[in-house]
Amino acid sequence: MFSTLRFFEGFCLAGLALSLYVLRIELCLPGWRFSMTMVASFLMVGGQLLMPGVAALCRNWPDRDDWQVLQIVIISPFVLMLPYVWIFPESLRWLLATQHYKRSKAMMLRIARKNQVEMTTEPSGVLTELEQELHRKPQRTCIVKMMSTRNLWKNIVVLCVNSLTGYGIHHCFSRSMMDPEAQPTALCHADYYTMAGIAVATCLALCPAVGLMGRRGGLLTFMIITALASLLQLGLLNLIGKYSLRHDIVLRDTLNRKFSVAFSIIGMFSSHAVSTLSIFFCAEITPTVIRGGGLGLVLASAGFGMLTAPIMELHNQKGYFLHHVIFACCTLLCIICLLLLPEPRGQPLPESIADGETFTRRTLLHPGEQHLLLAKTDRDYSRVHDTPLHLTATGGPDISLLFPWMVGSLLSCG
């Protein structure tokens with residue numbers, strides 16, 4: 001019963017993370033999408049850092065096991081999220097893209113009323129246009145239709161491989177950093193805080209890096225750093241022992257250990273950045289009609305990459321070196337494939353599959369992106385692209401959706 005309920009708990013947490021990610025992307029202006037994603041990442045890491053303190057408070061609870069008390073404490077904030085289904089509406093961007101025009105009209109009137117905007121005198125005539133289309137039936141698009149495209153499916157496959165490689169090689173670096181002579185309790189605490197600290201450093205470094213180099217440039221840079229750290233860890237340490245310090249065994253082992261830890265920290269830092277950017281990249285280039293499905297594929301690939309860690313543990317670490325070599329080769333493949341991706345910074349989110357198909361890259365000699373390579377759809381919602389779709393009564397963006405992200409992080413750690 002515990003295993004069954006634990007499975008459904010993880011299943012629901014995955015759906016919660018996916019839904020929150022999509023909602024944040026679709027509610028933000030183009031210039032704020034990455035900033036809000038980083039705020040959510042900081043809150044997620046904050047949940048991880050709070051977890052040891054919460055666990056310490058739940059120790060030695062009378063008449064109950066510690067883990068049961070901890071589970072109750074970290075699940076209780078979800079009670080506050082039960083009214084979210086009535087407080088937060090469906091994504092207006094998704095409703096328009098899937099032709100839910102009646103619900104779209106009602107939501108527009110609700111937003112206008114909260115922000116004290118008179119829609120009857122609105123010069124763009126959005127409501128008038130919607131009135132003419134209310135007879136249309138809603139249309140859902142399956143993720144399978146992505147296979148009929150020429151560029152979109154390639155972009156998603158590249159990002160899936162990037163996500164799998166980033167999460168998979170992260171375990172290789174974390175295992176290389178472990179001290180086999182440390183006590184089990186101290187080892188667990190040190191590894192936990194080290195990984196959380198590296199995650200904080202990664203989020204801090206991503207903000208200026210992506211601001212300067214863009215999504216594609218930042219992803220390519222961190223992937224190159226990951227590949228270099230992996231290759232140096234696999235090759236340089238063997239060269240030190242083989243040619244430089246053949247006779248001084250103690251100094252050789254000490255030097256190998258220090259270099260291994262240094263390369264592991266750099267690799268964990270860069271691989272975490274690669275994983276974060278791959279997921280965010282997919283959310284920006286996937287059309288609204290299939291954004292949940294495309295992002296789900298990338299998150300599933302990330303989960304498969306994390307699954308390689310317990311598989312190696314089940315085999316008592318046999319074949320670990322080959323495991324690391326395979327992921328190092330994957331990083332080299334990803335570096336080549338990343339050049340095929342477009343640059344979505346500052347661009348409106350694609351709405352239909354045709355919009356996503358026209359979103360292709362330019363050559364390195366010509367800055368910018370090649371748009372309008374294919375015929376655009378007849379319906380144009382460009383007015384929606386550059387406007388926030390859900391505002392508070394004061395007219396500002398509502399960031400309450402970030403609260404479940406931190407609580408979900410607490411629960412997943414538990």
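Trainee: Is Cys329 buried, partly exposed or exposed?
Mentor: The model is a predicted one, and Cys329 lies within helix H12, residues 320–338. Its relative accessibility is 46%. Because buried means under 20% and exposed means over 50%, Cys329 counts as partly exposed.

Trainee: How many Å apart in space are Cys329 and Thr165, C-alpha to C-alpha?
Mentor: Along the sequence, Cys329 and Thr165 are 164 residues apart. In space, their C-alpha to C-alpha distance is 9.5 Å.

Trainee: Where is Arg136 placed, and what is its relative accessible area?
Mentor: Arg136 is in the loop that runs between helix H7 (126–131) and helix H8 (152–177). This arginine is classed as partly exposed, since its relative accessible area is 39%.

Trainee: What share of the contacts between residues at least 6 apart in sequence joins residues at least 24 apart?
Mentor: The protein chain as a whole has 15 helices and zero strands. Among its contacts between residues at least 6 apart in sequence, the share that joins residues at least 24 apart is 78%.

Trainee: What percentage of the residues is buried, and what percentage of the accessible surface belongs to carbon and sulfur atoms?
Mentor: Of the 414 residues in the protein chain, 43% are buried. The accessible surface of the chain comes to about 21800 Å². The part of that surface belonging to carbon and sulfur atoms is 67%.

Trainee: Is H1 roughly parallel or roughly antiparallel to H2?
Mentor: Helix H1 (residues 2–27) and helix H2 (residues 33–57) have axes that come within 9 Å and cross at roughly 150°. Angles over 145 degrees count as roughly antiparallel. The relation of H1 to H2 is therefore roughly antiparallel.

Trainee: How many charged residues are in the contact of H1 with H2?
Mentor: From H1, Tyr21, Arg24 and Ile25 take part, and they meet Arg33, Met36, Thr37 and Ala40 of H2. By class, this contact has four nonpolar residues and one polar residue, while the number of charged residues is two.

Trainee: How is H2 oriented relative to H3?
Mentor: The axes of H2 and helix H3 (residues 66–75) come within 9 Å, crossing at roughly 130°. This angle makes the relation of H2 to H3 oblique.

Trainee: How many nonpolar residues are in the contact of H2 with H3?
Mentor: On the H2 side are Met51, Val54 and Ala55, which meet Leu70, Val73 and Ile74 in H3. The contact has no polar and no charged residues, and its nonpolar residues number six.

Trainee: Is the crossing of H1 and H11 left-handed or right-handed?
Mentor: H1 and helix H11 (residues 291–314) have axes 10 Å apart and pack at an angle of about 125°. That angle makes H1 oblique to H11. The handedness with which H1 passes H11 is right-handed.

Trainee: How many polar residues are in the contact of H1 with H11?
Mentor: H1 contributes Leu18, Tyr21, Val22, Ile25 and Glu26, and H11 contributes Arg291, Gly292, Leu295, Gly296 and Leu299. By class, six residues of this contact are nonpolar and two are charged, and the number that are polar is two.

Trainee: Which residues contact Glu284, leaving aside its neighbours within four places in sequence?
Mentor: Glu284 belongs to helix H10 (residues 249–285). This glutamate is buried, with a relative accessible area of 1%. Leaving aside its neighbours within four places in sequence, its contacts are Arg33, Arg215, Pro344, Leu349 and Pro350.

Conventions: Residues are numbered from 1 along each chain as its sequence is written. This is a predicted model: local features need pLDDT of at least 70, side-chain atom pairs count only at pLDDT 80 or more; totals for chains, interfaces and linings use all residues. Side-chain values use heavy atoms; hydrogens and water are left out. Axes are lines fitted to C-alpha atoms, for helices over the stretch in contact, and angles run from 0 to 180 degrees between N-to-C directions. Helices (H or I, at least four residues) and strands (E, at least two) are DSSP runs, numbered from the N terminus. Angles under 35 degrees count as roughly parallel, over 145 as roughly antiparallel, 65 to 115 as roughly perpendicular and the rest as oblique. Contact means heavy atoms within 4.5 Å. Ala, Val, Leu, Ile, Met, Phe, Trp, Tyr, Cys and Pro count as nonpolar, Asp, Glu, Lys and Arg as charged, and the others, Gly among them, as polar. Buried means under 20% relative accessible area, exposed over 50%, partly exposed in between (1.4 Å probe, protein chains only). Accessible areas come from the Shrake-Rupley method with a 1.4 Å probe; for residues, only the protein chains shown count as cover. A crossing is left-handed if the near helix is turned anticlockwise from the far one by less than a right angle, and right-handed if clockwise.
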